[in-house]
Amino acid sequence: MPYDERDEETGKFTSSFSQQEFLDALETLSGQASTQEVADEVGCAYRTAYQKLTELEDDNDISSKKIANARLWILTSE
């Protein structure tokens with residue numbers, strides 16, 4: 001299972017999770033899920049999941065809805 005790794009030169013963490021892993025997680029979770037549900041399915045931190053899901057939304061691969069204090073991520077049909 002991949003984990004975020006620290007870059008030796010910059011000290012920044014680099015993600016070793018692919019966007020496809022998050023798309024697959026959403027598909028497994030019936031096409032829609034909260035950030036925490038996706039993070040649990042992928043096996044990563046909440047913050048990593050939120051970042052990747054936001055990137056996928058920016059690329060129009062998924063959409064989201066704000067529900068109360070949570071965000072629901074939804075696979076888009078192509």
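# Notebook: around helix α2

I began with what covers the buried residues of α2, and the cover includes α1, β3 (32–34), α3 and β5. For my own reference, buried means under 20% relative accessible area, exposed over 50%, and partly exposed in between (1.4 Å probe, protein chains only). Helices (H or I, at least four residues) and strands (E, at least two) are DSSP runs, numbered from the N terminus. Contact means heavy atoms within 4.5 Å.

A note on the source: this is a predicted model, where local features need pLDDT of at least 70, side-chain atom pairs count only at pLDDT 80 or more, and totals for chains, interfaces and linings use all residues. Residues are numbered from 1 along each chain as its sequence is written, and side-chain values use heavy atoms, with hydrogens and water left out.

**Overall layout**

I looked up the secondary structure of the protein chain and found three helices and five strands. Along the sequence they follow the pattern β-β-α-β-α-α-β-β. Of the 78 residues in the protein chain, 27% are buried. I also checked contacts with a separation of 6 or more: residues 24 or more positions apart account for 39% of them. The chain exposes about 5400 Å², and carbon and sulfur atoms supply 45% of that area; accessible areas come from the Shrake-Rupley method with a 1.4 Å probe, and for residues only the protein chains shown count as cover.

**Helix α2**

Which residues of α2 are buried? I noted T35, V38, A39 and V42. They cover an arc of only 100° around the axis, which puts them on the same side of α2. The arc is that of the directions from the helix axis to the C-beta atoms.

I then took T35, which sits in helix α2 (residues 35–42) and is buried at a relative accessible area of 3%. Its side chain makes a polar contact with the side chain of W73, at 2.7 Å. A polar contact here is a pair of N or O atoms within 3.5 Å; within protein, one must be able to donate a hydrogen and the other to accept it, and residues adjacent in sequence count only if both atoms are side-chain atoms. Leaving aside neighbours within four places in sequence, T35 is in contact with Y46, A49, Y50, L53, R71 and W73.

For V38, with neighbours within four places left out again, I listed contacts with F22, A25, L26, L29, A33 and L53. Just after α2, G43 takes a positive phi of about 90°.

**The nonpolar core**

I looked for the largest nonpolar core and found 15 residues in it. Such a core is a set of buried Ala, Val, Leu, Ile, Met, Phe, Trp, Tyr and Cys residues joined through side-chain atoms within 4.5 Å. Those with the most contacts inside it are F22, L26, V38, V42, C44, L53 and I62. The elements giving two or more residues to this core are α1 (19–28), α2 and α3. Of these, α1 gives the most, with four residues.

**Aromatic pairs**

How many aromatic pairs does a search of the whole structure find? I noted two. Rings of Phe, Tyr and Trp (its six-membered ring) pair if their centres lie within 6.5 Å; planes under 30 degrees apart count as stacked, over 60 as edge-to-face and the rest as tilted. F17 and F22 have ring centres 6.2 Å apart and planes at 70°, so the pair is edge-to-face. F17 is buried at 4% relative accessible area, and F22 is buried at 0%.

The other pair is Y50 with W73, also edge-to-face, with 5.9 Å centre to centre and 70° between the planes. Y50 lies in helix α3 (residues 46–58) and W73 in strand β5 (residues 70–75), so the pair ties together parts that are 23 residues apart in sequence. Buried or exposed? I got partly exposed for Y50, at 36% relative accessibility, and buried for W73, at 0%.

**Loops**

Most residues other than glycine have a negative phi, so I looked for exceptions. N60, in the loop between α3 and β4 (62–67), has a positive phi of about 65° although it is not a glycine. N60 is exposed at 60% relative accessibility. A68, in the loop between β4 and β5, has a positive phi near 55° and is exposed at 70%.

Last, I checked S18, found in the loop between β2 (13–14) and α1 and partly exposed at 33%. The C-alpha atoms of S18 and K52, 34 residues apart along the chain, are separated by 8.3 Å.
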